[in-house]
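Subject: Structure handover: aromatic rings

Hello,

Here is the structure for you to look at. Please open it before you read on.

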Amino acid sequence: MSDFTLEEFYKDLRQGAHAGSEARQDYLESEFLLGLANELEGAGVVDGFEPCHYRRPRGGMRVDGYWFKEEESALDLFILDFENRESLERLTNTEIKSAFKRLENFFIDSISSHLYDDLEETSQGYGLSRDISDRRTNYSKVNLYLISERKLSDQAVALDDIQYMHWNLSYHIWDMSRFYRQHTSRGAKEDLVVDLKQLCGKGLQCLPAHLNNDAYESYLLVMPADILSNLYEKYGARLLEQNVRCFLQARGNVNKGIRATIMNDPGMFFAYNNGITATAKEVITSESEGGLFIDEIRDLQIVNGGQTTASLFHTNKKDKAGLEQVFVQMKLSVVDEEKSEEVVPKISEYANTQNKVNAADFFSNHPFHVRMEDFSRRLWAAPMPGVLMDSKWFYERARGQYADAQSKFTQAGRKKFQKENPKPRMFTKTDLAKFENVWDEKPTFVNLGAQKNFAKYAGRIGAEWEKNSDYFNEFYYKRAIARAILFRRTEKLVSAQPWYQGGYRANIVAYTLAMVSEYTKSKKRSVDFMQIWKSQELTPATVSALEAISEFVSDEISDPPAGISNISEWCKKDACWTRLQGKLSELETLLPQKFISELISLEKVKEEVVDAKKTQKVDSGIEAQIRVLQISGEQWGVILEEGSGKGIFTPKEMGILSSATKIPNVIPSEKQSMILVEVLGKAEMEGITVS
């Protein structure tokens with residue numbers, strides 16, 4: 001927002017941290033860090049974040065969080081600079097070096113001095129320190145992140161990477177100015193700039209593929225594999241467009257065929273491999289006697305070929321295979337920033353047609369997300385506690401929507417918007433995936449981090465949408481909100497329990513709700529989600545049940561099998577969930593009878609689902625009819641004529657198209673209109689468009 005200053009942004013962050021601390025009964029410092037870590041995760045800067053607070057003034061050590069990035073052979077470590085300062089202060093070079101030194105000391109002592117031997121086994125620092133040591137051969141890069149509530153001094157300088165034994169340590173500073181720039185750029189991630197002249201000594205020769213087309217740029221080039229591998233080592237998943245990142249994480253394996261070719265027949269890699277498809281916001285070219293060269297690529301994103309890129313990196317690092325003879329063909333398209341949300345998904349979808357986990361499933365403009373957004377903009381919910389007026393739950397299907405929606409308002413208009421769409425009721429795609437997967441899938445998915453969990457959710461939703469999109473209706477949306485209320489209230493309950501010592505809250509919450517889901521299904525019953533939606537709160541009996549189950553879960557996950565020291569990592573394993581499921585019968589004596597009596601039958605739920613699907617079918621038919629009538633009969637005639645020439649329509653579709661050419665004298669039915677919308681999509685795929 002152009003009139004939203006850095007100071008106002010900082011004030012908003014502090015207020016949000018205070019509100020989150022009160023809502024979840026958590027430390028202010030923890031809420032501040034978690035909020036900013038979520039920002040980094042949502043922007044694709046990091047893959048995940050696991051809180052882990054350990055500090056030892058003697059010896060100058062501190063760590064506040066971590067994430068093991070298996071796909072990239074990397075470890076992320078985080079340290080927080082936070083003192084709840086009321087005004088925006090400066091962060092100096094000396095303070096930056098001091099903070100990073102404490103984080104370095106924790107890593108180095110964990111590697112070389114067996115720090116964990118001196119720690120209590122129940123402490124968070126023990127599990128992380130031991131994991132860093134035990135998994136030392138699994139990663140070669142360590143990213144050190146300093147997250148600060150201050151802004152960098154004008155004299156501050158970036159720290160160069162250093163080499164400690166075989167680990168490359170890289171330093172990343174995220175101060176308030178940097179978070180502010182990301183916020184005001186409509187949630188876009190920072191540009192990834194590839195300087196090919198610096199990497200290769202000169203630019204890469206290319207062939208322009210956009211002849212006589214000033215509106216579009218595309219290039220064909222041959223990319224040295226060692227450059228791709230180095231880029232992946234430096235930028236990791238940031239190099240991959242969001243869809244490819246999710247798809248790669250969902251599979252998580254190195255392609256054996258690619259590895260075999262690199263190891264045994266590197267000179268034939270170019271012939272055997274399909275190459276990669278990439279996009280950029282801008283390329284800088286130069287001409288010489290040898291032809292056209294690309295010198296720099298701004299915001300390089302691989303939209304197809306993530307598996308190739310990751311496999312090159314892993315085969316080079318783990319198998320020590322040389323890449324000097326390996327080259328990869330690249331198709332590079334320059335996409336205008338304003339059209340990127342429309343064009344990039346299409347490039348990725350068409351480039352990834354061989355993958356049944358379809359590319360389009362992951363994009364914010366998929367019809368599922370658009371429909372959820374529509375429900376969130378028009379359905380009012382009962383007031384929040386202590387508030388008189390009803391409000392909405394704001395679904396942010398694309399990053400930055402909540403901020404963008406307020407940018408056009410005056411200060412008075414912004415206040416009105418925030419009353420109607422309060423920040424505590426804003427939720428994102430990754431939030432939705434979290435709320436849903438603890439009930440419908442394995443809670444281990446949720447413990448794997450937001451991006452991987454979303455990949456699992458997106459794959460399932462994409463397949464279910466293809467089978468029956470009417471299932472995603474008003475009932476589905478209201479149930480999702482009820483699950484959001486359960487999730488967020490459980491976070492608060494856990495933090496307030498006398499047995500809770502801090503740490504592992506996210507794991508406890510996920511398994512608590514998963515156990516409720518398993519228990520109710522075993523009794524052929526269900527939580528009354530529609531009652532929660534109507535009241536926007538939980539009954540006292542439900543609260544008591546959640547308190548009892550969360551303590552049971554906490555005790556169970558805190559006692560991992562021999563040989564496992566890090567509880568958070570244990571919670572990511574299927575074996576953890578299997579063990580909890582085996583103890584389902586023990587819940588019987590813990591649950592209040594009142595809670596059990598409040599459960600409703602699955603038959604009642606099925607009736608609600610059937611009724612909602614019927615309503616959605618009618619709504620979808622009306623929407624299709626409106627869309628069809630926006631196109632004239634003459635335009636439908638063009639589609640019929642060109643499609644007939646290409647032989648792309650069935651006899652049934654041809655008949656309905658013939659009727660559509662008579663619009664407005666003939667009005668297609670809702671059922672016919674739904675077929676015509678499908679016909680329209682089929683025509684567009686063949687390049688038949690109407691103005």
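Below are some notes on its aromatic rings and on the charges over them.

This is a predicted model, where local features need pLDDT of at least 70, side-chain atom pairs count only at pLDDT 80 or more, and totals for chains, interfaces and linings use all residues. Residues are numbered from 1 along each chain as its sequence is written, and side-chain values use heavy atoms, without hydrogens and water.

Ring pairs come first. Rings of Phe, Tyr and Trp (its six-membered ring) pair if their centres lie within 6.5 Å; planes under 30 degrees apart are stacked, over 60 edge-to-face, and the rest tilted. This rule gives 34 aromatic pairs. One of them is Phe49 with Phe78, an edge-to-face pair with 5.0 Å between centres and 85° between planes. Phe49 and Phe78 are both buried (under 20% relative accessible area; exposed is over 50%, partly exposed in between; 1.4 Å probe, protein chains only).

Now take Phe394 and Tyr402. Their ring centres are 5.2 Å apart and their planes meet at 80°, so this pair is edge-to-face. Both residues, Phe394 and Tyr402, are buried.

Ring pairs also build a cluster from Tyr66, Phe68, Phe107, Tyr139, Tyr164 and Trp167.

Next, charges over rings (NZ of Lys or CZ of Arg within 6 Å of the ring centre and within 35 degrees of the ring normal). Arg178 lies over the face of Trp174, 4.0 Å from the ring centre. Arg178 has 19% relative accessibility, so it counts as buried. Lys572 has its charged end over the ring of Trp67, 4.0 Å from the centre.

Best wishes
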